[in-house]
Amino acid sequence: MRTPLRIAVAQPLTRSQDVEGNAARHADAVRAAGARVVVFPEMSLTGYELTAAPLDPADPRLAPLRAACAETGTLALAGSPVAGPHIGVLAVDADGVRIAYRKMCLGGAEPRHMRPGREPAVLDVDGWRLGLAVCKDTGTPEHAAATTALGADAYLAGVLESAEDAAVPDERARRVAAAHGVWVVTASFAGSTGGGYARAAGGSGIWSPDGEPVVRAGTAVGEVVTATLR
């Protein structure tokens, strides 16, 4: 039987190319969240640097985040470039680190540096089916349709939007929820992220299957907000 799932979205301070420091700040967010699942923004471990070296799941710099997840029983979903190269989502828990998803829908300068992933992904956590997405995926109706077709109960995304486009994640979350009747969970960068984004939007949030926001963060770096999916 599916039990209520406590989930958090985090928008930690990220410094470009500072994997070790970023992993430590991710670990702090995991401990602060008190949640079963914590979702982080797109490329949160490196900053939005399309030329950053792909992260190996075995990279020792990820040790603080692995330790925090093991201590708290948390699954962290962190953004990173991965081999391919792809824009990836790393799943971190007590068992270690693995590549859980590769972004399928690339935009802007991304196709010059990255390859698109080939297939949607869903993780099983405590009886819940959690579909994964990264940024432009959420604005592509076919992606949400393919992911929910795998039986996803929730659609989890790490995103990056500029402050001028702060309304975009909310619009997309409402659209996905309305179309598919699923929870939508979006972790959005705050502060400066590299890659030309001097001011990111923040506003991470969790939307119910009827499309209403249950909890929203503000624009400040370091915010973590949580909700319980039932």
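User: Is Gln17 buried, partly exposed or exposed?

Analyst: This is a predicted model. Gln17 has 43% relative accessibility, so it counts as partly exposed. Look for Gln17 in the loop between strand S1 (5-10) and helix H1 (19-33).

User: What should I look for in the backbone?

Analyst: Most residues other than glycine have a negative phi, and most peptide bonds are trans. Gln17 is not a glycine, yet its phi is positive, about 70°. Cys135 also is not a glycine, and its phi is positive at about 40°.

User: Where does Cys135 lie, and is it buried or exposed?

Analyst: Cys135 lies in the loop between strand S7 (128-134) and helix H3 (141-148). Its relative accessibility is 9%, so Cys135 counts as buried; the cut-off is under 20%.

User: Which residues does the cis peptide bond join?

Analyst: Gly84 and Pro85, with omega about -10°. Pro85 sits in the loop between strand S3 (75-82) and strand S4 (86-93).

User: Now the core. What is the general idea?

Analyst: In soluble globular proteins, nonpolar side chains tend to be buried together. Here the largest nonpolar core has 50 residues. Val37, Val39, Leu77, Leu156 and Ile206 touch the most other members.

User: What is Ile206 in contact with, leaving aside neighbours within four places in sequence?

Analyst: Its contacts include Ile7, Val9, Trp183, Val184 and Val185. Also among them are Glu212, Pro213, Thr226 and Leu229. A second, separate core has 23 residues, including Ala35, Leu55, Ala68 and Leu90.

How values were computed:
Residues numbered from 1 in each chain as written. Predicted model: local features only at pLDDT ≥ 70, side-chain atom pairs only at ≥ 80, totals over all residues. Heavy atoms only, no water. Helix = DSSP H or I, 4+ residues; strand = E, 2+ residues; numbered from the N terminus. Buried < 20%, exposed > 50% of the residue type's maximum accessible area, 1.4 Å probe, protein only. Core = buried A, V, L, I, M, F, W, Y, C linked by side-chain atoms within 4.5 Å. Contact = heavy atoms within 4.5 Å.
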